[in-house]
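Visitor: I have a model to go through. Can you take my questions one at a time?

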Amino acid sequence: MNTRYPLLSGIKQPDDLKRIPIDSLPALAAEIRRMIINVVSENGGHLASNLGAVELTIALHRVFNSPIDKIIWDVGHQAYTHKLLTGRMKSFPTLRKLNGISGFPKRTESPHDILDAGHASTSISAALGILVGQKLNGADGSVIAVIGDGALTGGLAFEGLNHAGHLNKELIIVLNDNTMSISPNVGALSSYLSQITATKLYQGIKRGFSQIILKMPLFGKILFDFLFRLKKGIKAFLFHESIFSDLGFEYIGPIDGHNIRLMIKVFNQVRHIREKPIVVHIKTRKGKGYSHAEGDPAGYHGVSAFSIVNGKVEKKGNMTFTEAFSDSIARLGAENGRIIAITAAMKIGTGLSTFQTKYPDRFFDVGITEQHALTFAAGLALSGHRPVVAIYSTFMQRAVDQFIHDVALQKLPVIVMMDRSGLVGGDGETHQGIYDIPLFKAIPGITYLAPASKAEIDLMLRYALSLNEPVLIRYPKALCMPDSASLESPIEKGKGVFIRRNSADILLIALGGLLNEALEASNLLSQKGILSDVYNLRFIKPIDTMFLCGHAAGYSYIVVIEDGATTGGIGESIQSVIESAGMKKPFRKLGVPEIFPGQGTREELISQCGIDSEGIAEAVEEMLESSGKLRIVKTAAEGVKE
């Protein structure tokens, strides 16, 4: 037995939880919180959301029989307790590390993880599909979707709700509500009524009475409809019935989400309801059990390693790209009153907190609705404003159609700042920002940029505001490289800038977030007598092909390094341009291969893909070796050095 976690260490599978005395469950919750805080303080991760869902998760696993009963976690950023209760306590210290367990549900990790998750609002649709599939297969088992009030803002969640209400299957939706104000009907009476309506006796009487009324000759259907409308009207007047009831759900709650005994009682009753979807509304406190997270749940939503004692997050040197954008848009907001900042539930993550504080009337957090954010921005642009939409690259995948149909097709001056572009550490496959270039570079009439430094963030944002067309600016979750004269030079349409120029035979063309790696690779090569020039591409689209080809013509070997998928990436575009100009020369495209990269630090993932400085240098040497010119190039370079 682990003396620090005596109850938790005895749980290998959810069945073990059922043997713990109910009076000991609050002590188990305290152990779980202690472990989550300890591990996240070392590894980083989603803290506040997980601390708020501890008792809820205990109650679910106490009542339901996973994996026969299937629990679907929306987003999955609140599933740490679920992992601890399903046999992963020993591996929990590897959370979010390379080759460790994921910070999100992952099917390859456990049979209790039913759906790989990471993006919001998917649980209801997936759970409904699983439930219907089970019924078609003749299989038993409850299906429970656990969704937060934030994820419920997403349109996909409402599509799932609408279909579930129409199908009238016994889908169980647990609404984990941790931000809404408590309505007047919360309290002893509400809890009592919720428990009454959830009982098998109540549901049985309700079904029996309905059948008797419907069987009455002539007036049965009319009377049933009248009584149904009367009941709805009375409940709406007295108890403020919710949208769920209007969609055909049995609505239960709100219920105290930190009262384990009460939740166990309600879930035991709910699991027996048949032929009707149910919403159980649970009220929880985000960050519960850790004062710093309770006081600042948004700041401790997704957090880097931090000190448990004072809650301070570890700060690395230099400025991040997100911080650079934050500074730039705050300054530009003072210069241009038409700038509107928009984000989709990521105010802190995208660096818009300062802008919101300074210009609250020009800031909009639209919730987890990336599609709406883009079309909302289109409407603002049509009204003469200059909307700047800050969204993570992985979440922009959800708004591709809106960008094409509502922004690009209309030729509207909407600026999209794509944070977390490229390889993203920690969060794994669902959060990699490696697909935006293949998704967007073929769209006509847009400008697409990739900064490498703080100065370039500001230059490119100002350049974007000078244009009257859609602009995308992508940058990684990483530190900016130091500024230099080249990086501070003005932006010229379609043209990049040389960062290093030795009149060498090898040209390294780097995009944005990997420019520093290209420079370091050039240094490594020079130590071996191999000289190379480094070109900062700046533009993904448009590319001044005459300018690029004019420079490329002077090199025998060309290597393109990009922080994204090589299939459909910028390397393919540049190779096509050069070959179309009649230049046949050795060419290498370095980037992310056709895989879903997992978790690890950004540095580890870059190394795995061979686009760190060592990997780039090795690729250049292999290219020279395969062409039989490695020795010749080294000799020539040594002659230049002399």
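Visitor: In β4, which residue is the bridge partner of V146?

Guide: The partner of V146 in β4 is V174. This is a predicted model, where local features need pLDDT of at least 70, side-chain atom pairs count only at pLDDT 80 or more, and totals for chains, interfaces and linings use all residues. Residues are numbered from 1 along each chain as its sequence is written, and side-chain values use heavy atoms, with hydrogens and water left out.

Visitor: How many bridges link β3 and β4?

Guide: β3 and strand β4 (residues 172-177) pair in the parallel sense over 5 bridges. Strands pair if DSSP finds at least two bridges between them; helices (H or I, at least four residues) and strands (E, at least two) are DSSP runs, numbered from the N terminus.

Visitor: And which unit do β3, α7 and β4 make?

Guide: A right-handed β-α-β unit, with α7 spanning residues 155-167. Right-handed means that, with the strands pointing away from the viewer, the path from the first strand over the helix to the second runs clockwise.

Visitor: What about β2 and β3?

Guide: Strand β2 (residues 70-73) also pairs with β3 in the parallel sense, over 4 bridges. I71 has I144 as its bridge partner in β3.

Visitor: Why is β3 called largely enclosed?

Guide: Because 6 of the 6 residues of β3 (residues 143-148) are buried, meaning under 20% relative accessible area (1.4 Å probe, protein chains only). V143, A145 and I147 point one way, and I144, V146 and G148 the other.

Visitor: Changing topic: where is S9?

Guide: S9 is in the segment before α1 (14-17). S9 counts as buried because its relative accessibility is 13%.

Key. Buried < 20%, exposed > 50% of the residue type's maximum accessible area, 1.4 Å probe, protein only.
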